[in-house]
Amino acid sequence: MAEREFPAQARVVIVGGGVMGVGLAYHLAHEGWGPEVVLLEKAELTSGSTWHAAGQITHSTSSFGLGKCVDYNIGLYSGKLEEETGQAVTWHGCGSFRLAYTEDEMDWLRHTLSVGRSLGFNIELVGPEKVAEQHPFYNLDGVLGALHTPDDGHVDPSGVTMALAAGARQLGVRIIRHCRATNITQSDNGEWIVETEKGSIACEHVVNAGGTYARQMGEWSGLQLPMTSMTHHYFVTEPVPEFEALDKELPVIRDDRQVSGYIRMEQKRGLIGIYEKEGSNSVWHDHCPWDYENWLFDADYDRVMPWLEESLNRMPVFADLGIQREVHGAISHPPDGNPLIGPAPGVKNYWCCCGTQIGIGWGPGLTRELARWMVHGAADISMRDYDPRRFGAYATKDWQVTKAHEDYKLRHEIPFPHFNRLAGRPIKPSPLYERLKDKGAVYEEVYGHERPRWFARNGVEQRDHYSFKRNEVHHMVGLECKAVREGVGIMDISAFTKVEVSGPGAAALLDRLTANRLPQKAGGIALAHMLNRRGRIELETTVVKLAEGRYYLVCAAFFEQRLLDHLNQNRAGEEVKITTLSTDWAAIALNGPKARRVLGGCTNADLTNAGFNWLSAQQIEVAGHKLWAFRMSYAGELGWELHIPRGSALAVYDALWAAGEAHGIADYGSFAMNAMRMEKGFKGAGELTNEVTLAEADLLRFARTDKAYLGKDKTLNDADKPWVCAYLEIEPDGVTDGHGGEAVLLDGQVAGSTASVAYGHTIGKILAFAYVNPNANVPGTEVEVIIAGTPRKGRILGAPAYDPESLLPRSDAELTPAE
């Protein structure tokens, strides 16, 4: 058959033929775009990182969204894909155990069990005797328990990829091998031009699925895609005599503590994979050589020897055997370990499908979601953790390498709640950073910014204290909440995204992109939601009208690039100027019944209700510094947000602190802020995701019916809701409060799962938002929530647990001097 003519045009061009690129082609085809998709691979399919993967996959994940993906993948590998394509994938459904040696590890497994229950997984927490029964060769000394996931297994990476390719071809996708892309540029008309060794292709959408080449491919288009190639070992032993008589395959063992990796059978041999804690190796900081195909490095036994020796201690049947095969290959690691799946920052229709360190385990599920995003405008799971726009310009190459080494070493560590990755920080400290650090602030990083989490007091050590249970931090956060609720608290909120939209077309643009009505008068404030064409929530933002044709938008830090892209890519000729002020401006929150007294001690502005009403903005002077004051409160108290030019922030903070000392002013951080917003029933980023519409989020009161806006038809016609956001209280046990993703049961059946959970220090109950079946969302309904593997009594609430009528933020308490 004559070679087909090289295509000049396509709707989608995918560059890269590993499991990620081929998986996306397969799923785009299943979404109806098959004949319009071209995939280019410079060599043979799987010849980058895919071919040397160990190929394991497990239900043992405490990520709700990722859990949906791995469950889909296991179903695909264990039968569906082979039935569809006739291509063998060599599925080994041997199950797996994740071992625990400490109580902290047991707590991790209990939480994972709770998440697995919400997803309907076949999963159980077992004792060492159950492990020994199914895996008699493993040394279980010191093991307290294990998470058993019997539907897990492993698969041939090349077989999976070839089957996905076959499925894609059956639905019209064209796969061109031995065709290296050499450049990707965007034309003035918005089309992407992919130059290759065989010619150029113009396309509407281009996808970077380049694996270890992805970062340098991004540079062709002026993009900085943060990922670093780290090298990982696994070893295959000589045949194991004890395996010869087995009539079924042993389960995979994940031993995070002693082996820092995994051990399984490879036919009648043993396979040992190690993520060493010291001496990790990164390569190709600039460019992966284009001629590297099916490339492996020489084994570095010195790096892995302590863990390799311990693996032989744990599997004595390996001890006298030789190593028959050494696999030491490169795998991409983004700074936080999560893949880059979604739109590249600052450009339209350039999609990332790369940076995936566990392609076989995560790939098909994530590429299915990316395909839905590309075709329909939104994925069906929350993509916040994978969105490439979660990083900014601060993610330099040197920083990427530092963070990749950190991520590699954390691969088999306990993923504690609020785990704080400290390498390469601080990057973007606020003007208050050193002052608050000296006062005990323990910081977290959000989009490069340093934000206080909590403050160490009363002899508690100023560091992160990790646990799935309550610890010293719980009491510290309680003190901060008490200070705000009873007196006055001050918080550095400089990390919020701050964007000004101005010009003759500013109102028209924002009106088209927000479901709520814009503030009509200068000084007005509105809470608004930006939606996509599927009617799902892109982001929530506070919109302040500073003047005619001038608006100030504030939203969560990690939505900065998403907000900028949404504004820029949905312009329809409006004359607007979009200015990012996130770093140039700082911000301070002042909250509590004594907030008016403290702020009044630093300004001549009229702070009474008559002079400065709730949900309004004014430009005032504080301690001689001009700033914008917004009367609003995420804590649900009398309060103001003060948005300040960076150079004035420290002086304003110091003045407020001095004025507040007579009133018992206290610093507070994001943990207390989160607990208080839960008490007020304010939904946050955990609830407002691309998975849901405003109707599902129970926020239709912010959706206007008398104007047009993007996503309106899907929002107002969302009558058949599969789930809705419920607000509930849960009885505490004094030990564990929950962390999100836990199953919610109605009459013993799973009715949904929690999105956000926090202890309400003011009311003495655990509070949660949960997405549940609509019939469960009836105030007063009794439910159960599985926390740490154990059912707890819960009750659906019909109003905020604290100040349900929102009288406190509107308070006109007297402005009196300090007593």
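## A strand pair in a predicted model

Val-543 faces Leu-553 of strand 26 across a strand pairing.

## The surrounding sheet and its helix

## Strand 36 and its partners

Strand 36 (residues 765-772) has 7 of its 8 residues buried, and is therefore largely enclosed by the rest of the structure. Strand 33 (residues 724-730) runs antiparallel to strand 36 and is joined to it by 7 bridges. Strand 35 (residues 749-760) also pairs with strand 36 in the antiparallel sense, over 8 bridges.

Tyr-771 of strand 36 takes part in both pairings: Tyr-771 is the bridge partner of Cys-725, and Ser-753 stands opposite Tyr-771 as well. Strands 35 and 36 form a hairpin with 4 residues between them. Within that turn, Gly-764 has a positive phi of about 75°.

## Helix 2: length and bend

Helix 2 (residues 64-85) contains 22 residues. At 1.5 Å a residue, a helix of this length should span 32 Å; the end C-alpha atoms of helix 2 are 29 Å apart, which agrees. The helix bends by about 55° at Tyr-77. Just after helix 2, Gly-86 adopts a positive phi of about 75°.

## Helix 1 against helix 2

Two packed helices are described by the angle between their axes and the distance between the axes. For helix 1 (residues 19-33) and helix 2, the axes come within 15 Å and cross at roughly 70°. Helix 1 is therefore roughly perpendicular to helix 2.

On the side of helix 1, the contact is made by Tyr-26, His-27 and His-30. Helix 2 contributes Tyr-72, Leu-76, Lys-80, Leu-81 and Glu-84. In an α-helix there are 3.6 residues a turn, so residues three or four places apart point the same way.

Methods
Residues numbered from 1 in each chain as written. Predicted model: local features only at pLDDT ≥ 70, side-chain atom pairs only at ≥ 80, totals over all residues. Heavy atoms only, no water. Helix = DSSP H or I, 4+ residues; strand = E, 2+ residues; numbered from the N terminus. Expected span 1.5 Å × (residues − 1). Bend = angle between axes of the 7 residues up to and from the residue. Pairing = 2+ DSSP bridges. Buried < 20%, exposed > 50% of the residue type's maximum accessible area, 1.4 Å probe, protein only. Axes fitted to C-alpha atoms, helices over the stretch in contact; angles between N-to-C directions. Parallel < 35°, antiparallel > 145°, perpendicular 65-115°, else oblique. Contact = heavy atoms within 4.5 Å.
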